[in-house]
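Biologist: I'd like a close look at a single part of this protein. Could you walk me through it in plain words?

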Amino acid sequence: MASAISGNRPTLLAKIYNLKGSTRNRHVQSTGRENEVLLDENLVETAHLSPFYHREHLKRILRGALYNDTKFLEDINVMDYSLLVGVDAHTNELVVGIVDYIRIYTWDKKLESWVKESTFLGGAGRGEPTIVTPKQYRQRFLSAMDRYLPLVPDRWMKRKDIPEKDPYSLNSLVELWPDW
C-alpha cells in the first residue's frame, strides 16, 4: 500500500479510501487518526458533503485506465482487488492505484460462492453475494467507481438528449445553451 500511495515522493494524505465496489460489510468506524483507511460505505456516507468531482478529461483517463487494468485482471482470473483513493493534503489532488490484486478465482471461491448463493446452510437472502466471478467483480467494480468519482458539470460537458414535447421551444434552447 505504501508504494501505491507515495510513488517517488512522500505524500501526506488527508483521507484514504479502500474501495471494492460493494457496500456489504464495507464500513469502519472513523477515529480521525492519521492514515486511517476508510471503506466504500464511509465514502457513500460523506459523498454528498464532499464528493470527488473530476473534469470530463480526467474522468475519461481514469475510466480508461480502470477499464484496461481490470480487463487484464479479469483475463488472468483475478478478483477481490481494490482502488486505493487518497486525497493529498497539500494539493487536494487524488492519488489512486489498484491494490490487493492477488486473489485468483479458484475452485474454493466457486464453492464458497455456491454455498452463499444457495439456501444450503442458510446462505440465500442476505443481500448481494460477496464472492463473484472475476467478470462480475469487474462489472460491479467499474460501475461503483463511476458512481463514486462523479463528473463536475461545466458548460462544455455534453448533455444527454431528453425527449420533450417541443424540442425547439425557447426554454429548451436556453437549457442547452444558457449563454444565449
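Biologist: Leaving aside its neighbours within four places in sequence, which residues is Asp40 in contact with?

Modeller: Happy to, and keep in mind that this is a predicted model. Once you set aside the neighbours within four places in sequence, Asp40 is in contact with Asn18, Leu19, Lys20, Gly21, Ser22, Arg26 and Tyr148. Asp40 itself belongs to helix H2, which covers residues 40-46. With a relative accessible area of 0%, Asp40 counts as buried, because the cut-off for that word is under 20%.

Now pick out Tyr148 from that list. Its side chain and the side chain of Asp40 make a polar contact at 2.8 Å. Tyr148 also takes us to another helix, H5, which runs over residues 134-148. H5 has 15 residues and spans 20 Å from its first C-alpha to its last, close to the 21 Å expected at 1.5 Å a residue.

Tyr148 is one of the buried residues of H5; the others are Pro134, Tyr137, Arg138, Arg140, Phe141, Ala144 and Met145. Here's a handy thing to know when you read such a list: an α-helix has 3.6 residues a turn, so residues three or four places apart point the same way.

And what covers those buried residues? The cover includes H2, the helix where we started, along with strand E1 (13-19), helix H3 (56-75), strand E3 (78-79) and E4. That last one, E4 (residues 82-88), pairs with strand E5 (residues 94-99) in the antiparallel sense over 6 bridges. Within that pairing, Gly86 stands opposite Val95 in E5.

Terms used: Residues are numbered from 1 along each chain as its sequence is written. This is a predicted model: local features need pLDDT of at least 70, side-chain atom pairs count only at pLDDT 80 or more; totals for chains, interfaces and linings use all residues. Side-chain values use heavy atoms; hydrogens and water are left out. Helices (H or I, at least four residues) and strands (E, at least two) are DSSP runs, numbered from the N terminus. Buried means under 20% relative accessible area, exposed over 50%, partly exposed in between (1.4 Å probe, protein chains only). A polar contact is a pair of N or O atoms within 3.5 Å; within protein, one must be able to donate a hydrogen and the other to accept it, and residues adjacent in sequence count only if both atoms are side-chain atoms. Contact means heavy atoms within 4.5 Å. Two strands pair if DSSP finds at least two bridges between them. The expected span of a helix is 1.5 Å times one less than its number of residues.
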